[in-house]
Each structure stands twice: as structure tokens, then as C-alpha cells.
Amino acid sequence: MTEITVAFARLPGADKDLPLPRYETEGAAGADLCADTGGETVTLDPGQRALVGTGLRVAVPDGYEMQVRPRSGLALKHGITLVNAPGTVDADYRGPLGVILINHGTAPFEVTHGMRIAQAVLAPVTRAVFAEVAELGDTARGAGGFGSTGFGGSQS
């Protein structure tokens, strides 16, 4: 397993007792991000979204991105996910690290200070060279779009 150092800095006034992102198990791909709400509770009503801060800034290494993803337990138990999942933190961004949460559940949800609200996954970036061409090669699928490859099982 390759390890890469990712530098974090706390924002002025951020809770110094909140942990940096960390992996909760040896095999985890995502490191948990905690909410820095300043000790307040953020209530998300059904259908409501909010930007929740982490109290951190990050320096993602060149050649990488940090993907911010939902936590599966919050999604399953409460309908809490990210509006822009996965969110991307680019290597040249140095602003506050925030998480845009949305409540797709049926009951209000309280985000409390220190709660694990998302996970961060470091991923390599491949940059494309975009080229305009006169023709694209043919494939068996062709221009078939949404649903064109059929459905699972015996449906046709």
C-alpha cells in the first residue's frame, strides 16, 4: 500500500480538539471528516441542504484529487448524503474544506459538533487531451442511450 502525506491546516477559530481525517479501520479507503459546527447543532429538515464546515484547509498533492463522499451509515439510516457526491477538492484549492449535506430522509436530522459527516478518498488524476475529430469509431452499442442495454433479469 502506498502512503502519501496530505497536509491540513486548521482555520482560525477551529476546534483544535477535532481530529484530522482518519481511517477507522485498517482496510478503509475513506478517511472520516468531522463537522466543526462551533458547538452548535445544525438541523437539516427533509429536503434541506447545508454547507457544514470541517474547520480545515487541505493541500492535496499535485497529481491527486481528494474525493469527498457520503458515509453509507448516514445514508442508510437517515437519508443523509452529499448534494455533489463525490465532491472534488483539487490540488490547487486552499480554501475552507466544507461538506454540502442534504437530508433525503423523512425526519429532521441534527448534525452535531464532531460528528463524522463524510469521508475523504485520495485518488490519482489523469489529465485528458481533448481532440476534435471528424468521425468517431463505430461500436456495437452505437448511439443507444439511457436504458438501451436493457434491464437485469428476464425483462426485455
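Student: Two strands pair if DSSP finds at least two bridges between them. Which strands form the open sheet here, and in what order?

Tutor: Four strands form it, in the order β1-β4-β8-β6, with antiparallel pairing. Strands (E, at least two residues) and helices (H or I, at least four) are DSSP runs, numbered from the N terminus. The edge strands are β1 (7–10) and β6, each of which pairs on one side only.

Student: How are neighbouring strands turned against each other?

Tutor: On average by 45 degrees, direction ignored. The axes are lines fitted to C-alpha atoms, for helices over the stretch in contact, and angles between N-to-C directions run from 0 to 180 degrees.

Student: What kind of model is this?

Tutor: This is a predicted model, where local features need pLDDT of at least 70 and side-chain atom pairs count only at pLDDT 80 or more, while totals for chains, interfaces and linings use all residues. Residues are numbered from 1 along each chain as its sequence is written, and side-chain values use heavy atoms, with hydrogens and water left out.

Student: Back to β6. How many bridges join β6 to β8?

Tutor: Three, and the two strands run antiparallel. One of the residues to look at is Thr 81, whose bridge partner in β8 is Ile 102.

Student: What else is in β8?

Tutor: Ile 100 is found there, the strand covering residues 96–103. Together with Leu 51 and Val 83, Ile 100 forms a nonpolar patch on the surface, with about 280 Å² of accessible area.

Student: What counts as a patch?

Tutor: Residues with over 30% relative accessible area and no salt bridge, where like charges are joined within 9 Å and nonpolar side chains (Val, Leu, Ile, Met, Phe, Trp, Tyr) within 5 Å. The areas come from the Shrake-Rupley method with a 1.4 Å probe, and for residues only the protein chains shown count as cover.

Student: What is the relative accessible area of Ile 100?

Tutor: It is 33%, so Ile 100 is partly exposed. Buried means under 20%, exposed over 50%, and partly exposed in between (1.4 Å probe, protein chains only).

Student: New topic. How many salt bridges are there in the whole structure?

Tutor: A search finds three. Each needs a side-chain nitrogen of Lys or Arg within 4 Å of a carboxyl oxygen of Asp or Glu. One of them links Glu 24 and Arg 22, at 3.1 Å from N to O. Glu 24 is partly exposed at 40%, and Arg 22 is partly exposed at 45%.

Student: What does Asp 32 form with Arg 71?

Tutor: A salt bridge, with the closest N and O atoms 3.3 Å apart. Asp 32 lies in strand β2 (31–34) and Arg 71 in the loop between β5 (64–69) and α1 (72–78), so the pair ties together parts that are 39 residues apart in sequence. Both Asp 32 and Arg 71 are buried.

Student: And where does Arg 116 lie?

Tutor: Arg 116 lies in strand β10 (116–124), so its pair with Asp 32 ties together parts that are 84 residues apart in sequence. Salt bridges that share partners join Asp 32, Arg 71 and Arg 116 into one network. The Arg 116 to Asp 32 contact is 2.8 Å, N to O.

Student: Which peptide bond is cis?

Tutor: The one from Ala 85 to Pro 86, with omega near -10 degrees. Pro 86 is found in the loop between β6 (80–82) and β7 (87–89). Most peptide bonds are trans.
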